[in-house]
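Dear colleague,

I am passing on the structure below, together with notes on what turned up in it. Please read the notes with the coordinates open beside you.

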Amino acid sequence: MGITLYCREAGEGEPLVLLHGNGEDGGYFEKQMEYFRKKYRVIAVDTRGHGRSPRGNRPFTLEQFADDLKNFLDQRGLKKICLLGFSDGGNIALIFALKYPGYVRKLVLNGANLNPFGMKMSVYIPIGAAYGTVWLRRRVCRKQDSSLKKKEELLALMIRQPHIPAAALKKLSMPVLVIAGTRDMIREAHTRQIAAGLPEGQLCLLKGDHFIAAKNSKAFNRAVGAFLEG
């Protein structure tokens, strides 16, 4: 029996499901919900152990999160959705589309990566160092600290996952928009590799950093909207 994921929902029409990044919740997509609710049934999901969704006792992995999403959609009778994922949410969306392609009509990958080394080393190394510090603190502390455990799990997601073979991208037949910031924490060459490896891939680079959906929302929403309606 799967857990029940919390979600925010607005609007009516074709389902547009939004997946947030590591350590965040569906509230990240406030500006997208306001924009897309005019034409879509927008559903921003809190991933397992994030926001208001329970942690449960299943493995804390991107693969598990993809299966959680399938359960979430099945509970609501949703299929042939538009799916937009940001950062780790983009990685979950990509894994989900590979495992359950019949559920996805169009896919948007924002700041996603195929493996941890898709990140710039200037980002990966500090995350790895933070993980090592938390890992050590948890094992020298006499008391179990739930906040430390959560932090360790979140950091582990970034330095250990995902592991998606580039060749697997060829299996996706649906249209895919790969969108990222010009100063993204994901290497531009890696982002271009993802777009180029998709049979129906489109690439869009927008001025900004990793968080273009929040910081450059007007351009982001226009680009995503044009893709969804094209």
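R105 is partly exposed, with a relative accessible area of 33% (buried means under 20% relative accessible area, exposed over 50%, and partly exposed in between, with a 1.4 Å probe and protein chains only). The side chain of R105 meets that of E14 in a salt bridge at 2.5 Å, N to O, where a salt bridge is a side-chain nitrogen of Lys or Arg within 4 Å of a carboxyl oxygen of Asp or Glu. Because R105 lies in strand β5 and E14 in strand β2, this pair ties together parts that are 91 residues apart in sequence; helices (H or I, at least four residues) and strands (E, at least two) are DSSP runs, numbered from the N terminus. E14 is likewise partly exposed, at 25%.

Before going further, please note that this is a predicted model, in which local features need pLDDT of at least 70 and side-chain atom pairs count only at pLDDT 80 or more, whereas totals for chains, interfaces and linings use all residues. Residues are numbered from 1 along each chain as its sequence is written, and side-chain values use heavy atoms, with hydrogens and water left out. The pLDDT, which is the predictor's confidence in each residue from 0 to 100, averages 96 over the protein, and 99% of the residues score at least 70. Confidence is lowest in α5, at a mean of 94, and highest in strand β5 (residues 104-110), at 99.

The whole structure holds 15 salt bridges. One of them joins the side chains of R8 and D25 at 3.7 Å, N to O, and it links R8 in strand β1 (residues 7-10) with D25 in the loop between β2 (14-19) and α1 (30-36), 17 residues apart. R8 is partly exposed at 23%, as is D25 at 26%, and R8, D25 and D46 are linked in a network of salt bridges. Another pair is E152 with R139, at 3.3 Å, N to O; E152 lies in helix α5 and R139 in helix α4 (residues 121-140), so the pair ties together parts that are 13 residues apart in sequence. Here E152 is buried, at 9% relative accessibility, while R139 is partly exposed, at 43%.

Turning to the spaces, a 1 Å grid over the protein atoms alone defines a cavity as a set of points where a 1.4 Å probe fits but cannot get out, and a pocket as an open set with protein on both sides within 12 Å along at least five of seven lines, while lining residues have an atom within 4 Å of a point. Grid points are joined across faces, edges and corners, and a volume is the space filled by probe spheres set on the points. The largest pocket has a volume of about 200 Å³, and of its 17 lining residues the closest to its centre are N22, S87, M158, M185 and H210. S87 lies in the loop between β4 and α3, has a positive phi near 60° and is buried, at 13% relative accessibility.

The second largest pocket, of about 160 Å³, has Q161 and P162 among its lining residues, and the peptide bond from Q161 to P162 is cis, with omega near -5°. Helix α3 (residues 88-99) gives the most to this lining, with 3 residues.

Best regards
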